[in-house]
There are 6 protein chains.
Amino acid sequence: MQQAIGGIEGEIRVCMQYLFQAWNSRGPVRYRDMLLETGTEEIAHIEMLATAVALNLEGAPLSLQEDMAKDKVIGAVMGGMNPQHVLSAGLGAMAVDSNGNPFNGSWIISSGNLAADMYANVMAESTGRLLATRLWEATDDPGMKDMLSFLIAHDTMHQNQWLAVLEELGGLKGVHPIPNSFPQSQENQEFNYTFVSTHIDRMSETDARWAKGQSMDGKGEFSVITAEPQGGEPQLGAPDPRGHAQVEQMDGQAGMIDKIKDAF
Amino acid sequence: MQQAIGGIEGEIRVCMQYLFQAWNSRGPVRYRDMLLETGTEEIAHIEMLATAVALNLEGAPLSLQEDMAKDKVIGAVMGGMNPQHVLSAGLGAMAVDSNGNPFNGSWIISSGNLAADMYANVMAESTGRLLATRLWEATDDPGMKDMLSFLIAHDTMHQNQWLAVLEELGGLKGVHPIPNSFPQSQENQEFNYTFVSTHIDRMSETDARWAKGQSMDGKGEFSVITAEPQGGEPQLGAPDPRGHAQVEQMDGQAGMIDKIKDAF
Amino acid sequence: MQQAIGGIEGEIRVCMQYLFQAWNSRGPVRYRDMLLETGTEEIAHIEMLATAVALNLEGAPLSLQEDMAKDKVIGAVMGGMNPQHVLSAGLGAMAVDSNGNPFNGSWIISSGNLAADMYANVMAESTGRLLATRLWEATDDPGMKDMLSFLIAHDTMHQNQWLAVLEELGGLKGVHPIPNSFPQSQENQEFNYTFVSTHIDRMSETDARWAKGQSMDGKGEFSVITAEPQGGEPQLGAPDPRGHAQVEQMDGQAGMIDKIKDAF
Amino acid sequence: MQQAIGGIEGEIRVCMQYLFQAWNSRGPVRYRDMLLETGTEEIAHIEMLATAVALNLEGAPLSLQEDMAKDKVIGAVMGGMNPQHVLSAGLGAMAVDSNGNPFNGSWIISSGNLAADMYANVMAESTGRLLATRLWEATDDPGMKDMLSFLIAHDTMHQNQWLAVLEELGGLKGVHPIPNSFPQSQENQEFNYTFVSTHIDRMSETDARWAKGQSMDGKGEFSVITAEPQGGEPQLGAPDPRGHAQVEQMDGQAGMIDKIKDAF
Amino acid sequence: MQQAIGGIEGEIRVCMQYLFQAWNSRGPVRYRDMLLETGTEEIAHIEMLATAVALNLEGAPLSLQEDMAKDKVIGAVMGGMNPQHVLSAGLGAMAVDSNGNPFNGSWIISSGNLAADMYANVMAESTGRLLATRLWEATDDPGMKDMLSFLIAHDTMHQNQWLAVLEELGGLKGVHPIPNSFPQSQENQEFNYTFVSTHIDRMSETDARWAKGQSMDGKGEFSVITAEPQGGEPQLGAPDPRGHAQVEQMDGQAGMIDKIKDAF
Amino acid sequence: MQQAIGGIEGEIRVCMQYLFQAWNSRGPVRYRDMLLETGTEEIAHIEMLATAVALNLEGAPLSLQEDMAKDKVIGAVMGGMNPQHVLSAGLGAMAVDSNGNPFNGSWIISSGNLAADMYANVMAESTGRLLATRLWEATDDPGMKDMLSFLIAHDTMHQNQWLAVLEELGGLKGVHPIPNSFPQSQENQEFNYTFVSTHIDRMSETDARWAKGQSMDGKGEFSVITAEPQGGEPQLGAPDPRGHAQVEQMDGQAGMIDKIKDAF
């Protein structure tokens, strides 16, 4: 269950993500307010999972001589037991994922663009619900299934909640392309609705939804082209002598090279 | 520009993300095929940005004595120059973000659920396009603006492309809640469409899109409740003596503690 | 045992921590000298543990076909075996913790303030001794217990050693609040000896040692207050248009938004 | 100020540390209760700092053409501005330290031993107060100085608060050596109160507080010895052939090596 | 097998390393060209391994109730199964190593010096081939052995390939010391071919290849000396008062300290 | 200079790398002995650099109001100053690189194969010497240049030293392919000396040293082939229903899907 606490799909991540989005929120105040509320709610989810991990670990074997009865093992696995649970945490939960990787602040998305943030949130609740359903499949324990069914329900709501904000912001046609405040006239007009086929020996599907018809944002028509080299062969200059490439990389800088060679 | 190469919104991430999603793809083969194509396309984007960084760095000051003319500084900043560009990379691009944090494999999402993956992709292309528009604002150089306008256009397409897959999978009502293969009857029915208000002193908005009316997935009705403590006070057992808590934490385990104290 | 080598409580950490504190030491030279001595001593502890890991791994199973006899497993677990011990290290110790997380330089505390450093050291030797006693509980092997009893003894000494420095620096009343060189008159006088109760529905304990009576540093009187919102509601400005928030976040910047919308 | 948010001395760390210690708390319930209260209080400190960073960034230059007026620069530096503040966060705070390193879950100490945890907390509040005083020195802005003086005061209290728990647990003589539940008779009696001198050419100080007299925990007498090699030269076995060392490392395993050589 | 995908010896590393070396390549264009070709080849190796992992995981047990038949376990182990393979990746490959540590961009070496890069590549292919031979020893499955024998063969070629570039660059005597563009007259002439013996009680071997005779680069004669302290005892200044060391560290700065003490 | 302390090319890395290689050393004892000696020597190099950083920082500006005289800035840059030098380290050196990334234990290579380890060491000393020459170019200060010239000389020796071990082990023809203890008859004979050309539109160079003639290890003949798809299209099975892919990914598993759909 540590994955659900400290993993990339876990509760510390969504808790901090919603709070940072709230604290950095610019624009209509009601979104800031709602983000604060749901971020606060997630603290309770971390507590619930941390407590479950600590309880599960109470039956865990502490030494190799101990009898590893089957029910103890089940508890330990559901707790996502790793050696540090015994050695570092004294049978408590940790801010790590199911492989023992520490929680990482780079997972917290707060972009300053409300629509991009909402997609980050839908994604987090989608992988989060996916994780919870997989944990639900992995256990037989009715208490555990109960707690997971509670979390799965909240994730259903949260997916809907962030999608509701996207609808308020205009739905697919109003929201995209994100950010909708950049003038599309400034983007390259040749590639903005064009699927680039990179097969060597054949063309890719031309009938797919992404290959023809109106684009999802309603602002273009899909088409397909075959990838071609763009621009010339990249051509970097000679290495700066003070960067100390090998002498053999510096052909054409004869004077400077001679000077360096003299010094040997 | 290093953020666009090795950052969480960058091209290494989307490249690897689409390729891993393809290699792990189960279900209709055409999605695997398309993911491979776009993953391959992204390699060219990394090359483009890496080359731009290396070219920008060619004018960068290598020593403190050197005159820091303004145009050199601009090149350096657009290159996202950090000390390692000189010291470790000899004026080349690196697999790091704009703060010099190394690219991190935990950012690559490939969940085994196609819809969750598509949201991860929409999100990546939303923050990616956002990043590119911010770089576009930060530079005056026409060549740079040109390259960025090319990347911004591709990100527009890619947002639309992943949204097109979501439409093929059934749109909001077919796709959600993700995963749609978990029986919703098993989730807690009290909370799956209920916004939890966590204000201490007042109720939160009850008229918002996420607070009343049909849910976005068409499978429930939104409502709002006030957060209340669920379940009793958590109650962990006494510490296992072999975990060596302080003696004072072990009241009630008198026998065992006495035995330990004797040993002193 | 890898936790004791490359974990946050491990020997690489204390070794490097004491050496960096010595190399950065300003003030009385005798502390620098002592830190160097004990930092040097810790290198021997790493060697001892690394050798033990390598010896334990010699009996480890290298293939799946091999008979996993019980005594081999014990050796492997005490060695903190992970797949990389076979695949990457050829049955040698690694600079990682018991989950395979690489040693991380951020764990090394050298703050420039001698008292803060001493607390970092007491803490490191407390969690370090805790770890060693837990490993001691987990093994039956007399040789292992012997080596651990040696390390546990050193940690007892090191706890006492750093506490002795704190006594020399003036004990609780001389040392705190750390840093003792900041004029306390400049700190907020309302909160510097006040416990903030954050319960919603009740007051917290008012008789505890931290709730009334003289403070531990002898410079104030403990009291308790109930948390209250400080300052007004935070109010960020409208987003800078060049940061490309969504258009909907920019109400009130009508002119600029119109200009952006025109461009579509 | 990002160091005070997402750095190792920062508020996310203490917030999570106190909460995890509470959730994992075994033993007297009043410590669990108090840890929850102070952990909750720290959330408000993160909010305060995040808001300050976001406000400071509002005046930050977004492009190279922009006039970098001095007051803007001051705002930016106090905000700990890094390129990601513009590129990734749209002028908001991030869960990173002042170098842009993401917050790392390995910094959260919750050991299962109450006294070890209290030292981790004293240490965190000591380096935390140190950080706040250094930020206080670095700014002229009265509003900033005010906020920092508020945080400095809280850190004074928190140092005293954790020390008060240590007093309740018995003070130096009751608490140490941590853990106090391990029978000291089992630790090596030769080294548990002995300073090991590692100078090559001279003896270290024999009059220091840590070199003679009663130990700080009142359970031993300090002494000093000169380091000497313990145990014999470590002797690892020959490499397991399936680990594929170089042939030259395998002298003495003649049969197996011949077999390998034949295969070439 | 995850170690061979996302580990430090793995295929993502060499793929990205060769591509970055190519994109940053300055000097003769043919090296850039070759690096691009081999970097591209490595993408196919990642695909091969990722597919093998995903296939192996298909038989993996998804719940604790499931019968863990021996052949399933073998598949799982060869796949380097970790809890995230089930929970996060839905039985797919991940961009992590065999301990679940995420791939890390700091492992990608592209130094700007062609010879240094070639040694980084020889090293990567040496540890890579070592890893593959250890995986080969660990499995009985003919299909797996076949795939590994294919990868081992490529690693043989790649070792030879990078050594061939080093020969073209002049071999040991032309290439070293790397970088060969720094004037050796500027390096300290006393230590550049001298082995420093750091034994306390005896001299180290004086007959070894590195202790006497012509140096490998043909530019000096090996010798041996005993380590001696260089330079005086390091002497840092008093702490800057604004860095807030403890008062006791500031002897000699009487005026300033008095001023600080007054403030208490 | 922090890059030379805590960076991937830095002194902590080589120090720990040589010590771990020694502690894990199996085979001829004299290599273990030599590795210990040089590992010990490197501790002095860390000390030298850490002291230089601390001294350089003594002149660094601590506040924004302070006059940033040119010489102070030079000191600060050469010290690799980052905000944490002031905020966290009180003007001392840190175990981080020049971007503030913490030292990372994954950089320490100790593979159990002596030849692979020697290449890791040659590589480390090549990028290390490269780094030192670049720092030498960046400074004017004679004292700094002096210290760097000392380090550059040692790196020259160390490159030669590890190459000398490789010669003792048999030179190119004896050492390669690494590991030389794996029977080459077991590797795929079609690809072990064959350069794989991955150009789409043309053949790559066939006259290069790596394309024809005897291989560097003397055990094969180089050749070139054009890359071709190997094996069939990868074909993963249908998703396991308990992994909760989307329903649309599960065509062909009709029974199970119906059962799931019923549950909605």
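**View 1. Chain F and chain A, related by a turn of 180°.** In this predicted model, chain F can be laid on chain A with an RMSD of 0.0 Å by a turn of 180° and a shift of 0.0 Å along the axis, the copies being superposed by least squares on the C-alpha atoms of residues with pLDDT of at least 70 in both. That is the relation of a two-fold axis. Within chain F, the C-alpha of Ile200(F) is the one nearest the axis, 3.9 Å from it.

**View 2. The interface of chain D and chain C.** Here 90 residues of chain D are in contact (heavy atoms within 4.5 Å) with 90 residues of chain C. The two chains bury about 7,700 Å² between them, 65% of it on carbon and sulfur atoms; buried area is the accessible area (1.4 Å probe) that two parts lose on being put together, summed over both. On the side of chain D, the most area is lost to chain C by Glu37(D), Met157(D) and Trp210(D), together 9% of what that side buries.

**View 3. Salt bridges between chain D and chain C.** The rule (a side-chain nitrogen of Lys or Arg within 4 Å of a carboxyl oxygen of Asp or Glu) finds 8 salt bridges across this interface. One of them joins Arg202(D) to Asp33(C), with the closest N and O atoms 3.4 Å apart.

Residues are numbered from 1 along each chain as its sequence is written, and chains are lettered from A in the order in which they are written. Side-chain values use heavy atoms, with hydrogens and water left out, and side-chain atom pairs count only at pLDDT 80 or more, local features need pLDDT of at least 70, and totals for chains, interfaces and linings use all residues.
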